[in-house]
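Subject: Structure for you to look at

Hello,

Here is the structure I promised to pass on. Please open it first, then read the notes below.

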Amino acid sequence: MSQYNPPDYYLIDELISEEHLLIRYSIRQWVNKELSPIIEDYAQRAEFPKHLIPGMADIGLFGPTIPQEYGGAGLDYLAYGIMMQELERGDSGLRSTASVQGSLVMYPIYAFGNDDQRRKYLPKLASGEWLGCFGLTEPDHGSNPAEMTTRFVEDGDHVLLNGAKMWISNAPDADVAIVWAKNPQGKVQGLIVERGMEGFSTPTTHNKWSLRASATGELVFDNVRVPKVNILPGVASMRGPLSCLNQARYGIAWGALGAAMDCYDTAVRYAKEREQFGRPIGGFQLQQKKLAEMLTEITKGQLLVWRLAMLKNEDRATPAQISMAKRNSVETALKVAREARQILGGMGITGEYPIMRHMMNLESVVTYEGTHDIHLLITGQDITGLNAFV
Ligand SMILES: Cc1cc2nc3c(=O)[nH]c(=O)nc-3n(C[C@H](O)[C@H](O)[C@H](O)COP(=O)(O)OP(=O)(O)OC[C@H]3O[C@@H](n4cnc5c(N)ncnc54)[C@H](O)[C@@H]3O)c2cc1C
């Protein structure tokens, strides 16, 4: 039985409706039963637990905010945040799979696709029958994707796509890829590329020390003939990929706190049980300082994302506010994971406890979907009106 007892020091649950608490309960139960017992083994072996996909779909983890008529769960952003938090308490890699599927694949099809595209792809993605991936980053263009070189030219009722994407979550297992590429006019457009299209390959990225239970790969396009009906018609600028990232970053802001709460909870239990010098290590001031600071930062983060959810539900959350929350939550989670690891002493580095896995996972979370530095610069630009990127 799971001993997970997440902190709620400021009684934030009182700000959450019964319906949302029920959603949280159902995801928590699923994580306890299906994910937590196997995740350490899959992470150690660097294998994606693909068999979990139907179960993730059943509990609505794919496209929680997509309307029900397209197979989504039709929920609000508070529900989406809570779901990501519970999932990432289990593992950031599996949360990444859900973020990509919902925010980076289903969302652009919903927001920028036509109705034929929505009806063809969204129900299959929501049910987990198809897995998707999102190709924006390139080998030479990470923080500055606007300089991408992947492009397509006209070829009758098709386009010919050439280029390569790197660091793509879900790529090795994906049935469809949302690929951002420059059109003949040099504008960024989204294309739905399907596995099996000639010239399209997805080599796996090996040797990761982080997100080991999430499959990462490249997307390689060698004169891939993509039907024009697979182009997302609703956007032809960087607004397309950036608005997807905004959705996903919002989920990460909630999710990373889930990893932090799991580390904190584990450390509290350990500190009360582990005895040295004849008493529990939790009785020493130095360990109490660590725990007190961890709880303080987690509580501040919880309040931030709760408020962000309210703003998002009212369509008032700005991209800069989302950047601040993503950056804060991941920083909090990394600090909490590192301190918690120390509280566990030698046991902290083993797979007997989830802390080291969370810590290594968070080293990717702090980099993807906009690096820690880039989010800081977004806040700086919002404050001053001055762009410090270039
Ligand atoms: C496990 C994993 C999964 C990923 N999944 C996906 C995915 O599914 N789809 C996708 O498209 N991408 C994905 N990414 C890519 C990720 O978004 C990029 O790694 C990220 O945007 C950073 O790009 P980069 O690695 O090329 O670093 P760079 O852009 O080369 O940055 C290197 C360093 O320079 C700093 N830097 C860059 N520009 C500036 C500046 N102007 N001022 C100050 N500092 C700067 C950065 O903060 C960073 O510290 C994934 C990455 C990882 C690690």
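A salt bridge here is a side-chain nitrogen of Lys or Arg within 4 Å of a carboxyl oxygen of Asp or Glu. Keep in mind that this is a predicted model.

Salt bridges

By that rule there are 23 salt bridges. Start with Arg357 and Asp91. Their closest N and O atoms lie 2.8 Å apart, so the pair meets the 4 Å cut-off. Arg357 sits in helix α9 (residues 355–365). Asp91 is in the loop between α3 (77–90) and α4 (92–112). The two are 266 residues apart, and the pair links distant parts of the chain. Are these two residues buried or exposed? Both Arg357 and Asp91 are buried.

Glu69, Asp115, Arg118 and Arg119 form one network, joined by salt bridges that share partners.

Next, Lys50 and Asp173. This salt bridge has its closest N and O atoms 3.7 Å apart. It also ties together distant parts of the chain, 123 residues apart. Lys50 lies in the loop between α1 (18–44) and α2 (53–58). Asp173 lies in the loop between β3 and β4 (176–182). Lys50 is partly exposed, at 44% relative accessible area.

Glu47 and Arg45 make another salt bridge, at 2.3 Å from N to O. Glu47 is partly exposed at 34%. Arg45 is partly exposed at 42%.

Strands

Strand β7 (residues 216–227) pairs with β3 (residues 158–169). They run antiparallel, with 9 bridges between them. Val159 stands opposite Val226 of β7. Strand β6 (residues 200–201) also pairs with β7, again antiparallel, over 2 bridges. There, Ser201 has Val220 as its bridge partner.

The largest pocket has a volume of about 1200 Å³. It is lined by 48 residues. Closest to its centre are Thr137, Gly142, Tyr368, Glu369 and Gly370. Elements giving two or more residues to this lining include α4, β3 and α9. By class, the lining has 21 nonpolar, 21 polar and 6 charged residues.

The second largest pocket has a volume of about 530 Å³. Its lining counts 22 residues, with Ser36, Asp262, Arg269, Glu352 and Pro354 closest to the centre. Which element gives the largest share of this lining? That is α6, with 6 residues. By class, the lining has 7 nonpolar, 7 polar and 8 charged residues.

Best wishes

Definitions and conventions. Residues numbered from 1 in each chain as written. Predicted model: local features only at pLDDT ≥ 70, side-chain atom pairs only at ≥ 80, totals over all residues. Heavy atoms only, no water. Pairing = 2+ DSSP bridges. Helix = DSSP H or I, 4+ residues; strand = E, 2+ residues; numbered from the N terminus. Buried < 20%, exposed > 50% of the residue type's maximum accessible area, 1.4 Å probe, protein only. 1 Å grid on protein atoms, 1.4 Å probe; cavity = no way out; pocket = protein on both sides within 12 Å on 5 of 7 lines; lining within 4 Å. Points joined across faces, edges and corners; volume = space filled by probe spheres on them. Nonpolar A, V, L, I, M, F, W, Y, C, P; charged D, E, K, R; others polar.
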